[in-house]
Amino acid sequence: LSTFNGYLVDENYFAGCGGGGSSSSNTSSANPAIGVSSAVDLNDFDKEYDMFDLQISWFDDQFYMDVDEDNNVYIAVAYHTANNYTIGGQSLYYQAGNDHSIAIVKYDSTGVIQYQFSHSLAPDESYEVNGCSVDDNGNLFVTGRKWAINNYYSVFIRKYDNMGGLVFETISVATNNACRSSDVISDDNGGAYICGTYHDPLDLGNSVPILPADAGSSEQGFIARIDQNGDALWAEYVGDITHNNSYDNMQSLAIDINNNILVSGTKANNTTVNQWRTFIRQYDPVNGGAPLTELLSDYFGTSLGAEFAVRINVDNNGDLYLFTSHNTNYNNNYIFNTFPLDPVLANANILYKLSSSFTHLYSHNFGNSQTLVNQVIPLSDNNVVLRAGGGQPLIINNVVYSQDINQTGYVMKLNTTGDFVKFHTLGYLGLTTSIAINANSSNMFTFYRRSANFLNNGITYPFGNYIVKEQY
């Protein structure tokens, strides 16, 4: 395979990448000329960036970020209350012990903090945050799971107004076995959708029918709609409740061009143990969450838990992106929605692009089982940006792309046909970690963690957490 091993720093811009030859070999020596038609500013480690320091005093991999059309940035995180953490120099709620609380913060486009909030915990209360979403009115939704006394669990969703005030917290009836909400997306009517998993029957209140557990109290997936007042409007489950070892889940949400809600995840074979399939399911948002369409992969032999990735998103044209990723191999000749794909190196990092009518547009297997994609963000120019963990090279159309910088994971842009455009990073010396990405109609935003000093426009900046805004 061809390879690229130049020093790719800061914006890491490539012109006309993705060309070049390939071979049947899976190894090659480093050669920056192979597989890349031209490369610009490979050694320019001192570019000028529109960036700001988040003024967050600690490092964490579980910060969640959304942005609005005014380039405001919203961050949500669960933090360990026994540490003396600060944001913008202001102390967060402190409590000794092993509990976690919620912190949210809003920045304007220049990094000035507009509000921050940390929740004061009740006795034996703790939170896990798994996602956030901001609506057109600046309301922020945060979701995850909540521990209560005796380690009972609940799904939660919180809504904050545009000044950071808590509007509501909706929680499911506490149960003895784990449940969690894995994603949230606003419905632009003051409410939101959530999805996730549960084991015991899930009761979201407001006379919405309780979702049943399966025969073995194994993991089931759920989706629910919450209105502007925090009341559940409807809820649905995925999977076979007669199966006693199903381990089904819902992991990621998107809204399609017709305002229907889409959810992706995995569900088990109800007749054969250790067989799962990836799905996209479309729901009517109004008529009680009635299922409309379901797209399915063929069965494969490894469950894709939420700690890995089954991610979905939709661009301005209504095209869908589905990314599935985990650390073991798929079966060869993996098929999704009847379209076969022969995986390079037979592993699981697969990106599918489908039209709004669910026809296949392109698919890639990135050829590296150690690189887990966490986010897929379409841009309004119909390019797409991926954020991944790990640090291994990736393969597109039998061409290897890699970065010769000290970076955990990568942020990578693909064009409308899925060809490589460029990497993004911040700084060169010392470790860079990409924590979150998002975009509005004109800019993409990346949350970077820097473990060492770095240069920007001739100025040395200290290690810390930074937002980089890039117009596209």
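Biologist: What makes strands β26 and β27 count as paired?

Modeller: Five bridges join β26 (residues 350-354) to β27, in the antiparallel sense. Pairing requires at least two bridges found by DSSP, so this pair qualifies. Within it, Lys353 stands opposite Tyr362 of β27.

Biologist: What kind of model is this, and how are its residues numbered?

Modeller: The model is predicted: local features need pLDDT of at least 70 and side-chain atom pairs 80 or more, while totals for chains, interfaces and linings use all residues. Residues are numbered from 1 along each chain as its sequence is written, and side-chain values use heavy atoms, without hydrogens and water.

Biologist: How many helices and strands does the protein chain have?

Modeller: Zero helices and 39 strands.

Biologist: Why is Ser264 called buried?

Modeller: The relative accessibility of Ser264 is 0%. Buried means under 20%, exposed over 50%, partly exposed in between (1.4 Å probe, protein chains only), so Ser264 is buried. This residue is in strand β19. Contact means heavy atoms within 4.5 Å. Beyond four places in sequence, the contacts of Ser264 include Met250, Phe279, Val310 and Leu322.

Biologist: What makes β20 a mostly covered strand?

Modeller: Eight of the eight residues in β20 (276-283) are buried. Trp276, Thr278, Ile280 and Gln282 point one way; Arg277, Phe279, Arg281 and Tyr283 point the other. Both groups are buried. Ser264 stands opposite Ile280, and Phe279 has Leu296 as its bridge partner in β21.

Biologist: How do you know that Lys469 belongs with the buried residues?

Modeller: Lys469 has 17% relative accessibility, so it falls under the buried limit. The residue lies in strand β39 (464-471). Among the residues it touches are Asp50, Asn71 and Phe445.

Biologist: Which residues of the largest nonpolar core touch the most other members?

Modeller: They are Trp58, Val73, Ile75, Tyr107, Leu140, Val142 and Phe447, out of 39 residues. β5 gives the most to this core, with seven residues. A core is a set of buried Ala, Val, Leu, Ile, Met, Phe, Trp, Tyr and Cys residues joined through side-chain atoms within 4.5 Å. Leu140 touches Tyr74, Ile104 and Cys132, among others. A second, separate core of 20 residues includes Phe141 and Leu211.

Biologist: Why is the Asp61 and Arg449 pair called a salt bridge?

Modeller: The N to O distance is 2.8 Å. The rule asks for a side-chain nitrogen of Lys or Arg within 4 Å of a carboxyl oxygen of Asp or Glu, so the pair passes. By this rule there are eleven salt bridges. Asp61 is in the loop between β3 and β4, Arg449 in β36, 388 residues apart. Asp61, at 47%, is partly exposed. Arg449, at 16%, is buried.

Biologist: What makes Lys267 and Glu294 a salt bridge?

Modeller: Their side chains meet at 2.9 Å, N to O, so the same rule applies. Lys267 in β19 and Glu294 in β21 are 27 residues apart. Lys267 is buried at 14%, and Glu294 is partly exposed at 30%.

Methods
Helices (H or I, at least four residues) and strands (E, at least two) are DSSP runs, numbered from the N terminus.
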